[in-house]
Amino acid sequence: MSTPETPPPAAGRRTLIADTAIALVAAGGLRGLTHRAVDGAAALPAGSTSYYFRTRTALIGACYRRLAELDLADLDGDGSAGPPPPPPADRDAAARMLGALLHEWLTRGRERQLARFELSLEAARNPELEPALRQAGLAARARAAAVLAALGAPRPAESAELLAAWTDGLLYDRLAGALAHSRPAPDQAELTTTARRMLDAALAPA
């Protein structure tokens with residue numbers, strides 16, 4: 001006789017729900033994001049998602065937080081919960097790091113980034129979501145500002161805002177832009193060259 005599986009603790013179940021919701025949005029857009037759909041896709045008892053996240057707004061906020069957590073783990077390289085790694089030693093090293101990150105997000109992380117764009121647009125329609133989206137974006141910008149400060153940026157926070165905007169623009173263009181389906185597969189060397197140009201522009205004197 002098999003032993004019933006032990007349900008995951010609350011924190012693990014919240015993560016499972018957020019991950020499942022993100023996957024549903026990536027696959028079918030926001031129209032497919034319902035509490036019932038998440039329960040079914042995650043193989044959870046009916047009502048589990050609404051127990052942890054009572055409203056759709058709360059569920060989308062959980063997605064923002066989870067996406068930020070996953071992106072930050074990618075930025076840190078090893079996904080560990082420890083302190084962030086030391087910043088790159090120079091612009092070439094920073095360009096290689098950013099190029100590798102862009103390649104990851106355009107290949108294995110493609111679906112997650114598509115979901116991020118879908119979910120971010122929802123905050124433009126629902127003011128209740130704006131604080132959660134803003135909070136989710138702060139950690140990655142702070143990490144980018146630290147890298148740029150180490151590389152000599154006179155105004156690292158301002159430069160980090162520009163770099164984040166350029167990165168999002170590049171990702172959107174490659175994933176959902178007019179030429180997204182006709183472009184060749186992402187090439188890490190080409191992305192590293194692009195990343196170096198972005199860094200040079202972000203670090204240029206005003």
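**Salt bridges and pockets**

R66 is buried, with a relative accessibility of 14% (buried is under 20% relative accessible area, exposed over 50%, partly exposed in between, with a 1.4 Å probe and protein chains only). The model is predicted: local features need pLDDT of at least 70, side-chain atom pairs need 80 or more, and totals for chains, interfaces and linings use all residues. Numbering starts from 1 along each chain as its sequence is written, and side-chain values use heavy atoms, without hydrogens or water.

What does R66 meet in a salt bridge? Its partner is D19, at 2.6 Å from N to O (a salt bridge puts a side-chain nitrogen of Lys or Arg within 4 Å of a carboxyl oxygen of Asp or Glu). D19 sits in helix 1, residues 10–28, and R66 in helix 4, so the pair ties together parts that are 47 residues apart in sequence (helices are DSSP runs of H or I, at least four residues, numbered from the N terminus). D19 is partly exposed, at 29%.

The structure holds 18 salt bridges. Another joins D168 and R116, whose closest N and O atoms are 2.8 Å apart. This pair also links distant parts of the chain: D168 lies in helix 8, R116 in helix 6, and 52 residues separate them. R116 is buried at 15%. D168 is partly exposed at 25%.

Now turn to helix 9, residues 188–203, which holds both R196 and D200. They are 4 residues apart, about one turn of the helix. Their side chains form a salt bridge of 2.9 Å, N to O. R196 is partly exposed at 27%, and D200 is partly exposed at 28%. Elsewhere, shared partners join D71, D74, R112, R116 and D168 into one salt-bridge network.

Next come the pockets (open sets of 1 Å grid points where a 1.4 Å probe fits, with protein on both sides within 12 Å along at least five of seven lines; lining residues have an atom within 4 Å of a point). Helix 7 gives the largest share, 12 residues.

The second largest pocket holds about 230 Å³. Its lining includes L106, R110, R174 and H181. P184, P186 and E190 are also among the lining residues.

Definitions and conventions
Helices (H or I, at least four residues) and strands (E, at least two) are DSSP runs, numbered from the N terminus. Grid points are joined across faces, edges and corners, and a volume is the space filled by probe spheres set on the points.
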